[in-house]
Amino acid sequence: MSLKGKKIILGVTGSIAAYKSALLTRILVKAGAEVQIIMSASAFDFITPLTLATLSKRPVLSQFQKDDTGVWNNHVELGLWADLFLVAPISANTLAKFANGLCDNLLTATYLSARCPVMIAPAMDLDMYQHPSVLANIHKLESFGNILLDAESGELASGLSGQGRMMEPENILARIQEFFSGKSDFQGKKVLITMGPTQEALDPVRYISNHSSGKMGLALAHAFKGRGAEVYIVSGPISLTVNRCDFHWQDVKSAKEMYEKSLSIHREMDICVFAAAVADYGPAEVAPEKIKKNETSLVINLVKNVDIAASLGEKKRADQIHVGFALETENEVDNAKKKLAKKNFDIIVLNSMKESGAGFQLDTNKVRVFHASGLMVESKVAPKNQIANLILDQIKNIPVWV
Ligand code: PMT
């Protein structure tokens, strides 16, 4: 989608990820947007204004006053000029200032004057990003309606590895395009998404689980919401930063709890997406006390858990749509097609543990979507938010879609 005519303020703050704001500026301008850069003082330590001015084709602003002229850079006008106020990267320091109304530089003053939507793309080190004060500031900004472009996981500048990398510029561009496209083709639809792993307790301190992070489910939740749907989430334990108030959100632990919560709302739903990685088996009994390390080996008796998708598939009405996922390591297509039929799905989304860039925990996925009608669509490796939108587009190809 072209961003022609869209006016975007791009705030750049002091973070090593500021180097990515050069590429971000370039692709926003290439997409047609007018980009006005405002840098915080610390951003100058990481990237030069000359680079950003050249790429944005506009002088970079950073001070209240224009040189020594006595003429000021009017933050109120700037705030009213913009169709979108984006800060990428936003540092922990600027997050804290935004969250508390501090106003000691042009960027923070413009934030307080902006009437347009605000997007923030944090970048910081692993432990900083997990710190309760940073999380509280992010939640506060989300409660103001600011849109979080959540940090991605990977190698960090410190050498640590985990969540904290600024969202890649291409993904930010996709989110902005999605935002301005204002598609509301799922308006009026109620959607249930099961997501994340389940935890099956062995004793009061241990459980059986898997590596699902909930990222695919959350990307679907945002895509449905962004396209107008009312979204109901039943989520296993996850550690993503998420504003639960955007959705009807139920946290659960076990497959049984996930089933009960899903069953209780299934009748009201138009679309159900089963993205959760549900444990197929759980301990037959939960030990009341911590299992002691007495023997050289331990045998645990496991029993089959309820199959949520299959059970709700038996109750599916002709006007409901069910979307399943398959995570396979062998005979992928055969297994996926068997699940499609057995669980009464309309489509099944196959992701493979063998494909690089696909599956658990990653910010990207690569999928093949099989329709009950025989149609098949394959994606490239792409960010999970793009894959989510591809799945939504495929839902609209299902015959019962109206
Ligand atoms: O969360 P991420 O880290 O982003 O990773 C995403 C993902 C890989 C977990 C996701 O894309 C995915 O593939 N989820 C389904 C994984 C899985 O459990 O597949 P399965 O082949 O075992 O199950 C088939 C389908 O039945 C799935 O829709 C599953 O949700 C559902 N199911 C399975 C077992 C069960 N007891 N109840 C179910 O509802």
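Two strands pair if DSSP finds at least two bridges between them. Helices (H or I, at least four residues) and strands (E, at least two) are DSSP runs, numbered from the N terminus. The structure is a predicted model, in which local features need pLDDT of at least 70 and side-chain atom pairs count only at pLDDT 80 or more, while totals for chains, interfaces and linings use all residues. Residues are numbered from 1 along each chain as its sequence is written, and side-chain values use heavy atoms, with hydrogens and water left out.

Strand S13 covers residues 230-235. Strand S10 (residues 190-195) is joined to S13 by 6 bridges, and the two run parallel. Within this pairing, Leu192 has Tyr232 of S13 as its bridge partner. S13 is also joined to strand S14 (residues 248-251), here by 4 bridges and again in the parallel sense. Tyr232 has His248 as its bridge partner in S14. Of the 6 residues of S13, 5 are buried, and the strand is mostly covered. Buried means under 20% relative accessible area, exposed means over 50%, and partly exposed lies in between (1.4 Å probe, protein chains only).

Strand S18 (residues 321-328) is largely enclosed by the rest of the structure, because 7 of its 8 residues are buried. S18 pairs with strand S15 (residues 271-274) through 4 bridges in the parallel sense. Val273 and Val323 are bridge partners in this pairing. S18 is also joined to strand S19 (residues 347-352), by 6 bridges, and these two strands run parallel. Gly324 stands opposite Ile348 of S19. Helix H12 (residues 332-342) forms a right-handed β-α-β unit together with S18 and S19. A crossover is right-handed if, with the strands pointing away from the viewer, the path from the first strand over the helix to the second runs clockwise.

Gln320 lies in the loop between helix H11 (308-315) and S18. Gln320 is buried, with a relative accessible area of 2%. The side chain of Gln320 makes polar contacts, a polar contact being a pair of N or O atoms within 3.5 Å; within protein, one must be able to donate a hydrogen and the other to accept it, and residues adjacent in sequence count only if both atoms are side-chain atoms. The side chain reaches the backbone oxygen of Met269 at 3.0 Å, and one of the side chain's polar atoms lies 2.9 Å from the backbone nitrogen of Arg317. Leaving aside residues up to four places away in sequence, Gln320 touches His266, Arg267, Met269, Asp270, Lys315, Asp346 and Val400, where contact means heavy atoms within 4.5 Å.

Helix H11 is mostly covered, with 6 of its 8 residues buried. The buried residues are Ile308, Ala309, Ala310, Ser311, Leu312 and Gly313. Their cover includes helix H10 (255-266), S15 and S18. At the start of H11, a side-chain oxygen of Asp307 reaches to within 3.3 Å of the backbone nitrogen of Ala309.

A polar backbone atom of Phe274 is 2.6 Å from an oxygen atom of the ligand. A polar backbone atom of Gln361 is likewise 2.6 Å from a ligand oxygen, and for Leu327 the distance from a polar backbone atom to a ligand oxygen is 3.5 Å. Taken alone, the ligand exposes 770 Å², of which the protein buries 96%. Accessible areas come from the Shrake-Rupley method with a 1.4 Å probe; for residues, only the protein chains shown count as cover.

An open sheet is formed by 5 strands in the order S2-S1-S5-S6-S7, with parallel pairing. The edge strands are S2 (34-39) and S7 (147-148), each of which pairs on one side only. Strand S6 (residues 118-122) is joined to S7 by 2 bridges, and Met119 stands opposite Ile147 of S7.

Gly164 has its place in strand S9 (residues 161-165). Gly164 is buried, with a relative accessible area of 3%. Not counting residues up to four places away in sequence, Gly164 touches Pro122, Ala123, Met124, Tyr129, Ala151, Glu152 and Leu156. Gly164 and Gly145 are 19 residues apart in sequence and 22 Å apart in space, C-alpha to C-alpha.
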